[in-house]
Amino acid sequence: MTRVKRGYTARRRRTKIRLFASTFRGAHSRLTRTITQHKMRALVSSHRDRGRQKRNFRCLWITRINAVTRDIKVFYSYSRLIHNLYKGQLLLNRKILAQIAISNKNCLLHDFQKKSSTKGNYNYEVIYRND
């Protein structure tokens, strides 16, 4: 019986996995079984932490906006600020609001209700405070 030479498919698969795990330390970058286990764990962690990163940044932006609104005493709380922005149909996301709050603390949006009889009309002005 003649000797059968195996194909290159398995070798290509293993080298592809090894390229992924080349930065891992110890057996995690050398042994094929350990590499596959570590790769699966790394991919699960990266998938999980992408959602976690979004959550953490949103929490950071909310904390920054709340700190500035309480410091300037425009709305006294973050929730009132967001409520008034939605009520006035001025839709800015929290990332932009946090950047405005950090870059220029003296400039913050403040709403004033018009004296007119129609409900829901709001006039937005930019208030500068020099304290």
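Why does I96 count as partly exposed? The reason is its relative accessibility of 34%, since partly exposed denotes the range between buried (under 20% relative accessible area) and exposed (over 50%), computed with a 1.4 Å probe and protein chains only. The structure is a predicted model, in which local features need pLDDT of at least 70 and side-chain atom pairs count only at pLDDT 80 or more, whereas totals for chains, interfaces and linings use all residues. Residues are numbered from 1 along each chain as its sequence is written, and side-chain values use heavy atoms, with hydrogens and water left out.

**Overall architecture**

- The chain contains 4 helices and 2 strands; helices (H or I, at least four residues) and strands (E, at least two) are DSSP runs numbered from the N terminus.
- Read from the N terminus, the order of elements is α-α-α-α-β-β.
- The chain has 131 residues, of which 20% count as buried.

**Nonpolar surface patch**

- L92, I96 and I100 together make a nonpolar surface patch of about 190 Å².
- Patches consist of residues with over 30% relative accessible area and no salt bridge, with nonpolar side chains (Val, Leu, Ile, Met, Phe, Trp, Tyr) joined within 5 Å and like charges within 9 Å.
- A salt bridge is a side-chain nitrogen of Lys or Arg within 4 Å of a carboxyl oxygen of Asp or Glu.
- Accessible areas come from the Shrake-Rupley method with a 1.4 Å probe, and for residues only the protein chains shown count as cover.
- I96 belongs to helix α4 (residues 94-103), while L92 is placed in the loop between α3 (78-87) and α4.
- L92 is partly exposed because its relative accessible area is 33%.

**Positive surface patch**

- R6, R13, R14 and R18 form a positive surface patch; Lys and Arg count as positive, and the charge of Arg is placed at CZ.
- R6 is located in the segment before α1 (9-20), and its relative accessible area of 74% makes R6 exposed.

- T69 lies in helix α2 (residues 32-72) and counts as buried because its relative accessibility is 1%.
- The side chain of T69 reaches the backbone oxygen of N66 at 2.9 Å.
- I35 is also found in helix α2, and its relative accessibility of 0% places I35 among the buried residues.
- I35 and A21 are 14 residues apart along the chain, and their C-alpha atoms are separated by 6.4 Å.

Technical notes
Polar contact = N/O pair within 3.5 Å; in protein donor to acceptor, adjacent residues only side chain to side chain.
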